Amino acid sequence: MTQVLEALKWRYATKKFNPNNKLSFEKINTLKKAFNLTATSFGLQPVRLVVLNDKTIQEKLVAASMGQRQVADASHLLILCIEKNVGKVYVENYFDRVKDIRSTPEEVLKPFKNYLLDHFTTTSEQEKQLWAAKQAYLVMGNLLTVCALEGIDACPMEGFVPSEYNDILGLAEKGIEAVLVLPVGYRAEDDMFSDFKKVRKPLENSVIDM
C-alpha cells in the first residue's frame, strides 16, 4: 500500500477537534502553498483562501455554521472564497503575470488572451460564479489530500450560511465571497467517528475500465 493510499484511509471528516492542539506555522504554511499550487481552469485562480486563527471570530461563526463546533474547536478555519469580479482587468492582470514570469512575447499570448477576454466579458455573472465555485471544489479536494499526507485532520463543510460569513468577515470589501469551509487541526481522542470503517462502493462498481 502506498503512502498516499494509507493517508487517504487514515483521514475522515473530523467531527470533534482537540481545541488545545494547534497546527504549527510550518503546517499552515504548507497548506497555504498547496492552495496556491492547485490547478484551476485556464490557470486564472478565481479562488482566494482566508486563514482564520481567531477564537472569538471562530465562535461567532458557529451560529452561521448550523451549530457545528468544528468551526470553533479546530486549530484554524480555512474559508475558500471566490472572486466576485472576473472580467477584463482580472484577465489582463493574469497575462501580465505570465509575461513577467515566463517572458512570453505578447504576440504569442494574444490569441489565448483575446479568447479569455471575450469569454469573461460576455459570460453572465451567474455563470462566472458557478465556474469559480467549481474551482473552489478542486482546491478543496487537493487540500484534503495534502492534509492527509501531512497528518492534519480536516472536515470539508458546505453546511454554513455564506452571506453571514461574508458579513462577519467583511469579505465583500475584499471582492470575494465564501463558498466552502474547511476546519483543520487535530482530532479529539474521543471523536467516535475516527474509528468508523469507510463506506465505499466496491472498486469495480465505481471505476470503469475501457
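Because the model is predicted, local features need pLDDT of at least 70 and side-chain atom pairs count only at pLDDT 80 or more, while totals for chains, interfaces and linings use all residues. Residues are numbered from 1 along each chain as its sequence is written, and side-chain values use heavy atoms, with hydrogens and water left out.

The protein contains 9 helices and 4 strands. These are DSSP runs, numbered from the N terminus: helices are H or I with at least four residues, strands are E with at least two. Along the sequence the elements follow the pattern α-α-β-α-α-β-α-α-α-β-α-β-α. The C-alpha trace spans about 60 × 50 × 30 Å along its principal axes.

Of the 210 residues, 42% count as buried. Buried means under 20% relative accessible area, exposed means over 50%, and partly exposed lies in between (1.4 Å probe, protein chains only). Contacts are heavy atoms within 4.5 Å. Among contacts between residues at least 6 apart in sequence, 79% join residues at least 24 apart.

The protein exposes about 12300 Å², and carbon and sulfur atoms supply 55% of this area. Accessible areas come from the Shrake-Rupley method with a 1.4 Å probe; for residues, only the protein chains shown count as cover. Val4, Leu5, Leu8 and Leu149 make a nonpolar surface patch of about 290 Å². Such a patch joins nonpolar side chains (Val, Leu, Ile, Met, Phe, Trp, Tyr) within 5 Å, from residues with over 30% relative accessible area and no salt bridge. Helix H1 (residues 3-10) gives the largest share of the patch, 3 residues. Leu8 is found in helix H1. Its relative accessible area is 32%, so Leu8 is partly exposed.

The whole structure holds 11 salt bridges. A salt bridge is a side-chain nitrogen of Lys or Arg within 4 Å of a carboxyl oxygen of Asp or Glu. Asp96 is partly exposed at 35% relative accessible area, and Lys99 is partly exposed at 27%. Lys99 also meets Glu106 in a salt bridge (2.8 Å, N to O). Glu106 in turn pairs with Lys113 (3.7 Å, N to O). Glu106 is partly exposed at 30% relative accessibility, whereas Lys113 counts as buried at 13%. Through shared partners, salt bridges join Asp96, Lys99, Glu106 and Lys113 into one network.

How values were computed: Patches are made of residues with over 30% relative accessible area and no salt bridge: like charges are joined within 9 Å, nonpolar side chains (Val, Leu, Ile, Met, Phe, Trp, Tyr) within 5 Å.
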